[in-house]
Amino acid sequence: MHDFTERFSLEGKLAWVTGGASGIGFGICRALSAAGAKAVFNCRDPKRLDAALNEFAALGIDAAGYICDVSDEAAVAALVKRVEAEHGLIDILVNNAGINIRVPMCDMDAEDFRRVIDVDLIAPFICAKAVIPSMIRKGHGKIINICSMMSELGRETLAAYAAAKGGLKMLTRNICAEYGEHNIQCNGLGPGYIETPFLAPLRQPLPDGSPNAFDRFIVSKTPAGRWGTTADLMGPAVFLASDASNFVNGHILYVDGGILAYIGEQP
Ligand code: NAP
Ligand code: GCO
């Protein structure tokens with residue numbers, strides 16, 4: 001048998017990470033690039049795009065960035081056409097762009113609920129639909145959907161987000177069911193609580209510098225005893241993007257320090 005570690009290499013692959021300008025998406029772009037892929041990413045804010053391009057350049061990563069709102073189907077189709085013209089066909093799609101609006105359900109407008117569903121659930125459908133035909137032509141493809149603890153669990157104020165991330169888990173399984181025969185693997189990566197700007201409001205320390213109650217709650221719910229970092233997601237992302245996972249399909253890989261295995265500290 002030749003060296004099996006070669007199967008983790010992404011040399012020659014083109015990866016598109018939605019929302020790759022910050023947080024988890026930025027970390028995944030770094031990881032996929034380190035494993036050999038060319039990374040392209042998109043976001044909506046031009047300032048964020050420029051800042052990310054500068055950060056990638058400082059890290060020696062030749063990433064390409066584009067402005068595109070993933071909930072806009074026409075804009076996504078145009079982006080994919082442009083990326084294909086400039087870089088070739090996409091081998092790996094990471095549906096990472098996401099938002100959250102934390103409001104008690106009975107106080108939430110249907111419009112806000114739809115915004116969350118639009119970005120966190122419908123956009124992954126739009127982006128997957130935009131790349132699957134060329135993956136079928138190429139004879140392979142990897143789609144990684146960034147799921148959540150809320151693909152499995154509920155929490156006060158997260159009705160829309162949990163509905164979207166639960167739906168994303170099932171979209172993942174359905175893409176596997178529908179396109180697995182074309183050598184397309186669609187899996188979910190389910191981060192636990194990760195230190196990114198997305199969750200900064202929940203980690204805000206108290207005026208005396210000590211951790212707030214939510215921060216302490218998350219640490220106590222996590223057997224690892226800490227929040228995750230984007231670095232914790234890098235190996236799992238490379239695994240799911242690489243040939244090493246070619247017989248892994250429709251699976252959700254939770255990277256949560258053990259949260260989903262734990263009932264919580266006994267009294
Ligand atoms: P983040 O730091 O806020 O990054 C989100 C990125 O998505 C930003 O670059 C943002 O850029 C982009 N984005 C948002 N809406 C977009 C849209 N409509 N079109 C294109 N780009 C868009 O968040 P994060 O913590 O890294 O989260 C990334 C993903 O991981 C999300 O799906 C989130 O639900 C999931 N997740 C996060 C955690 C966590 O603990 N942090 C845990 C589990 C799952 P623009 O605003 O410029 O568009
Ligand atoms: C929250 C958070 C979570 C995380 C993450 C957990 O308010 O509790 O937004 O939902 O973002 O998705 O895996």
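The following dialogue concerns the surroundings of two ligands in a predicted model.

Tutor: Residues are numbered from 1 along each chain as its sequence is written, and chains are lettered from A and ligands numbered from 1 in the order in which they are written. In this predicted model local features need pLDDT of at least 70, side-chain atom pairs count only at pLDDT 80 or more, totals for chains, interfaces and linings use all residues, and side-chain values use heavy atoms, with hydrogens and water left out.

Student: Which residues come nearest to ligand 1?

Tutor: A residue is near a molecule if one of its heavy atoms lies within 4 Å of it. There are 30 residues around ligand 1, and those that come nearest are Ile24, Arg44, Asn96, Tyr161 and Thr196.

Student: How far from an oxygen atom of ligand 1 does a polar side-chain atom of Thr196 lie?

Tutor: A polar contact is a pair of N or O atoms within 3.5 Å. For Arg48, a polar side-chain atom lies 3.0 Å from an oxygen atom of ligand 1. For Thr196, the distance from a polar side-chain atom to an oxygen atom of ligand 1 is 2.5 Å.

Student: What percentage of the area that ligand 1 exposes when taken alone does the protein bury?

Tutor: Accessible areas come from the Shrake-Rupley method with a 1.4 Å probe. Taken alone, ligand 1 exposes 880 Å². The share buried by the protein is 95%.

Student: How many residues of the shell around ligand 1 are charged?

Tutor: Asp, Glu, Lys and Arg count as charged. The shell around ligand 1 has 17 nonpolar and 8 polar residues. Its charged residues number 5.

Student: Which residue has a side-chain N or O atom 2.6 Å from an oxygen atom of ligand 2, Arg102 or Met149?

Tutor: For Met149, a polar backbone atom is 2.8 Å from an oxygen atom of ligand 2. The side-chain N or O atom at 2.6 Å belongs to Arg102.

Student: What percentage of the exposed area of ligand 2 does the protein bury?

Tutor: Ligand 2, taken alone, exposes 340 Å². The protein buries 97%.

How values were computed: Polar contact = N/O pair within 3.5 Å; in protein donor to acceptor, adjacent residues only side chain to side chain.
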